[in-house]
Amino acid sequence: MNKKSKNSFLSLVPLLLFFALTVCILYMCIMGISISKRIAARDNASFALRTACGYTTAKVQSATTRDDIGTESFGGCDALVIKEKHGGKDYLTRIYCYDGYLRELFSAADASLSPIDGEKLLKLDNMSFEKGNDTLSICFTESNKNTKTLVFYEVGE
């Protein structure tokens, strides 16, 4: 009988080791999923700000001269204005926040449009400007109050 119980115990050892290994693997999977979710949430939280900054930077860099970049009040909103000429006619690209969205409006310089006419680009609460001597600061704000500021140097009016 004693020999039989010893054999039973020895046959349980591999089963117990397998169970311990399974628990460890399950724990590692749960931890990996948790870490992955936190990283995805962090990346999603900064997506709008990073995209707004990248988009605005590309637009400012596309201006032909520094005098083609300016700011104005557009229907009660602060707007970044980029002037362009096509076929001898003047056009304006306005980038601004209105109704919770970053928007863009490309139109003839003499067109009478309102902020609601712009194309919605992404959700963003506010975009403000501070113009200095040869600098332009643009501050973006999300609904969760995260902010990001861009500063462009040698920007004319």
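This is a predicted model: local features need pLDDT of at least 70, side-chain atom pairs count only at pLDDT 80 or more; totals for chains, interfaces and linings use all residues.
Q: How many disulfides does the structure hold?
A: A disulfide needs two cysteine sulfur atoms within 2.5 Å. For cysteine 29, the nearest cysteine sulfur belongs to cysteine 24 and is 11 Å away. For cysteine 97, the nearest is that of cysteine 77, at 8.1 Å. Neither cysteine 29 nor cysteine 97 is in a disulfide, and the count for the structure is zero.

Q: Is cysteine 97 buried or exposed?
A: A residue is buried if its relative accessible area is under 20%. Cysteine 97 has a relative accessibility of 10%, so the residue counts as buried.

Q: Is the pair of phenylalanine 74 and tyrosine 96 stacked or edge-to-face?
A: The structure holds two aromatic pairs. In this one the ring centres are 5.2 Å apart and the planes stand at 65 degrees. Planes over 60 degrees apart count as edge-to-face. The pair of phenylalanine 74 and tyrosine 96 is therefore edge-to-face.

Q: How many residues apart in sequence are the parts that phenylalanine 74 and tyrosine 96 tie together?
A: Phenylalanine 74 lies in strand β1, residues 69–74. Tyrosine 96 lies in strand β3, residues 89–98. Phenylalanine 74 is buried at 6% relative accessible area, and tyrosine 96 is buried at 0%. The pair ties together parts of the sequence whose separation in residues is 22.

Q: Is the pair of tyrosine 91 and phenylalanine 106 stacked or edge-to-face?
A: The ring centres of tyrosine 91 and phenylalanine 106 are 5.4 Å apart, with 10 degrees between the planes. Planes under 30 degrees apart count as stacked. The pair of tyrosine 91 and phenylalanine 106 is therefore stacked.

Q: Which strand holds phenylalanine 106?
A: Phenylalanine 106 is partly exposed, with a relative accessible area of 44%. Its partner, tyrosine 91, lies in strand β3, and the pair ties together parts that are 15 residues apart in sequence. Phenylalanine 106 itself lies in residues 101–108, which is strand β4.

Q: Which residue lies over the face of tyrosine 101?
A: A charge sits over a ring if, among other conditions, NZ of Lys or CZ of Arg is within 6 Å of the ring centre. Here the distance from the ring centre is 4.5 Å, and the residue is lysine 120.

Q: Which element holds the salt-bridge partner of glutamate 104?
A: The structure holds three salt bridges. In one of them, glutamate 104 meets lysine 59, with the closest N and O atoms 3.0 Å apart. Glutamate 104 is in strand β4, and the two residues are 45 residues apart. Lysine 59 is in residues 2–61, which is helix α1.

Q: Is glutamate 104 buried or exposed?
A: Lysine 59, the partner in the salt bridge, counts as partly exposed at 23% relative accessibility. Glutamate 104 has a relative accessible area of 18%, so this residue is buried.

Q: What is the distance between the closest N and O atoms of arginine 94 and glutamate 72?
A: Arginine 94 is in strand β3 and glutamate 72 in strand β1, 22 residues apart. Arginine 94 is buried at 7% relative accessibility, whereas glutamate 72 is partly exposed at 29%. The closest N and O atoms of this salt bridge are apart by 2.6 Å.

Q: Is lysine 85 buried or exposed?
A: Lysine 85 and aspartate 90 meet in a salt bridge at 2.8 Å, N to O. Aspartate 90 is partly exposed, with a relative accessible area of 40%. For lysine 85 the value is 60%, so the residue is exposed.

Q: Which residue in β8 is the bridge partner of cysteine 139?
A: Strands β7 (residues 135–141) and β8 (residues 147–153) pair in the antiparallel sense over seven bridges. Serine 137 has valine 151 as its bridge partner in β8. For cysteine 139, the bridge partner is threonine 149.

Methods. Residues are numbered from 1 along each chain as its sequence is written. Side-chain values use heavy atoms; hydrogens and water are left out. Buried means under 20% relative accessible area, exposed over 50%, partly exposed in between (1.4 Å probe, protein chains only). Rings of Phe, Tyr and Trp (its six-membered ring) pair if their centres lie within 6.5 Å; planes under 30 degrees apart count as stacked, over 60 as edge-to-face and the rest as tilted. Helices (H or I, at least four residues) and strands (E, at least two) are DSSP runs, numbered from the N terminus. A charge sits over a ring if NZ of Lys or CZ of Arg is within 6 Å of the ring centre and within 35 degrees of the ring normal. Two strands pair if DSSP finds at least two bridges between them. A salt bridge is a side-chain nitrogen of Lys or Arg within 4 Å of a carboxyl oxygen of Asp or Glu.
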